[in-house]
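Subject: A structure for you to explore

Hi there,

Here is the structure I promised to pass on to you. Please open it next to this email and follow along as you read.

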Amino acid sequence: MSKQTIETIEQFEELFNKHEQFLFVKNSLTCPISQAAFEEYQEFAETHQDFPSYHLHVQDSRPLSNYIAETFGIKHESPQALLFKGRNVVWNASHWKITSEELEKEITQ
């Protein structure tokens, strides 16, 4: 269930039918800060395989990245982690604030 790449708006919208809550990470393939944050996300996803977590690569899924920013009123950043509950973003973080420990803390609140 964890670490699945989502590339389209349709795939993203389907997540709301599957899960009450899930983690979503926006990642840049060319940014070293994004790479560090993505490694933290991967560590989190490996140790929390029962928690639904998904990601996109901004270069491959720009329309979806823009859709999320516009639909949920969250300024686009990369890297960026978003915790959804229902159809609401209840927490988000970017850059060096994305750590495995922080992601774990947020899903247990």
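In which loop is H95 found? H95 sits in the loop between β5 (88-94) and α4 (100-107). Helices here are DSSP runs of H or I with at least four residues, strands are runs of E with at least two, and both are numbered from the N terminus.

Before we go on, some background. This is a predicted model, where local features need pLDDT of at least 70 and side-chain atom pairs count only at pLDDT 80 or more, while totals for chains, interfaces and linings use all residues. Residues are numbered from 1 along each chain as its sequence is written, and side-chain values use heavy atoms, with hydrogens and water left out.

Back to H95: its phi is near 50°, a positive value in a residue other than glycine. At 28% relative accessibility, H95 counts as partly exposed (buried means under 20% relative accessible area, exposed over 50%, and partly exposed in between, with a 1.4 Å probe and protein chains only). Another loop, the one between α3 and β4, holds P79. A cis peptide bond joins S78 and P79, with omega at about 5°.

Now for the helices. Two packed helices are described by the angle between their axes and the distance between the axes. The axes of α1 (residues 9-18) and α3 (residues 62-72) come within 9 Å and cross at roughly 45°. That makes α1 oblique to α3. Axes are lines fitted to C-alpha atoms, for helices over the stretch in contact, and angles run from 0 to 180 degrees between N-to-C directions; under 35 degrees counts as roughly parallel, over 145 as roughly antiparallel, 65 to 115 as roughly perpendicular and the rest as oblique.

Which residues meet there? From α1 come I9, F12, E13 and F16, and from α3 come P63, L64, Y67, I68 and F72 (contact means heavy atoms within 4.5 Å).

A search of the whole structure finds 14 aromatic pairs (rings of Phe, Tyr and Trp, its six-membered ring, pair if their centres lie within 6.5 Å; planes under 30 degrees apart count as stacked, over 60 as edge-to-face and the rest as tilted). The rings of F12 and F72 have centres 6.2 Å apart and planes at 75°, so this pair is edge-to-face. F12 lies in α1 and F72 in α3, so the pair ties together parts that are 60 residues apart in sequence. Both F12 and F72 are buried.

F16 and F84 make an edge-to-face pair as well, at 5.6 Å centre to centre and 80° between the planes. This pair links F16 in α1 with F84 in strand β4 (residues 80-85), 68 residues apart. F16 counts as buried at 14% relative accessibility, and F84 is buried at 0% relative accessible area. Ring pairs link F12, F16, F22, F24, Y54, Y67, F72 and F84 into a cluster.

Strand β4 also holds L83, which is buried with a relative accessible area of 2%. Leaving aside neighbours within four places in sequence, the contacts of L83 include F22, F51, W91 and I107.

One last stop is S53 in strand β3 (residues 53-57), which is buried at 0% relative accessible area. The C-alpha atoms of S53 and K3 are separated by 5.6 Å, although these residues are 50 residues apart along the chain.

Enjoy exploring!
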